[in-house]
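Please consider the structure before reading on.

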Amino acid sequence: MTETTKPALPDRLSVDPKSPHHVAAVFEHEIGIRFNGKDRFDVEEYCLSEGWIKVPAGKTLDRKGRPLCIKLKGAVEAFYR
């Protein structure tokens, strides 16, 4: 695939389909998140302009069965693999 067929990565993106920040077209391709210089594979949501990611806090679940997330602040970079 070429870069022209892939949609631009949004400023804020969530893996949760119920979120208003979920863009299904982006998830048709494999994306990567680099946080403070290290690749992360457990990111639930990110925001490039505000510089944060949300990651699960262990195996803890909220009352709806979704992972309980914590927000980490730092340098965030999103890219296609």
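The questions and answers below set values against definitions.

This is a predicted model, in which local features need pLDDT of at least 70 and side-chain atom pairs count only at pLDDT 80 or more, whereas totals for chains, interfaces and linings use all residues. Residues are numbered from 1 along each chain as its sequence is written, and side-chain values use heavy atoms, with hydrogens and water left out.

Q: How do you know that Cys-47 and Cys-69 are in no disulfide?
A: A disulfide is a pair of cysteine sulfur atoms within 2.5 Å. The sulfur of Cys-47 has its closest cysteine sulfur in Cys-69, 15 Å away, which is too far for a bond. Cys-69 is likewise in no disulfide, and a search of the whole structure finds zero disulfides.

Q: What makes Cys-47 buried or exposed?
A: The term buried means under 20% relative accessible area, exposed means over 50%, and partly exposed lies in between (1.4 Å probe, protein chains only). Cys-47 has 2% relative accessibility and therefore counts as buried. Cys-69, at 32%, counts as partly exposed.

Q: Why is the contact of Arg-12 with Glu-45 called a salt bridge?
A: A salt bridge is a side-chain nitrogen of Lys or Arg within 4 Å of a carboxyl oxygen of Asp or Glu. In Arg-12 and Glu-45 the closest N and O atoms are 2.9 Å apart, and the pair forms a salt bridge. Arg-12 lies in strand 1 (residues 12-14) and Glu-45 in strand 4 (residues 45-47), so the pair ties together parts that are 33 residues apart in sequence. Strands here are DSSP runs (E, at least two residues), numbered from the N terminus. Arg-12 is partly exposed at 28% relative accessibility, whereas Glu-45 is buried at 10%.

Q: What makes Glu-30 and Arg-81 a salt bridge?
A: The N to O distance between their side chains is 3.8 Å, and the pair meets the definition because the limit is 4 Å. Glu-30 lies in the loop between strand 1 and strand 2, and Arg-81 in the segment after strand 7, so this pair ties together parts that are 51 residues apart in sequence. Glu-30 is exposed at 55% relative accessibility, while Arg-81 is partly exposed at 39%.

Q: How many salt bridges does the rule give?
A: The count comes to six. Among them is the pair of Arg-40 and Asp-42, at 3.2 Å from N to O. Arg-34, Asp-39 and Glu-77 are linked in a network of salt bridges.

Q: What makes strand 3 and strand 7 edge strands?
A: Three strands form an open antiparallel sheet in the order 3-2-7. Strand 3 (38-40) and strand 7 (76-80) are its edge strands, as each pairs on one side only.

Q: Which residues make up the largest nonpolar core?
A: A nonpolar core is a set of buried Ala, Val, Leu, Ile, Met, Phe, Trp, Tyr and Cys residues joined through side-chain atoms within 4.5 Å. The largest one has twelve residues, including Leu-13, Val-26, Ile-33, Phe-35 and Tyr-80. Strand 2, strand 5 (52-61) and strand 7 each supply at least two residues of this core.

Definitions and conventions:
Two strands pair if DSSP finds at least two bridges between them. Helices (H or I, at least four residues) and strands (E, at least two) are DSSP runs, numbered from the N terminus.
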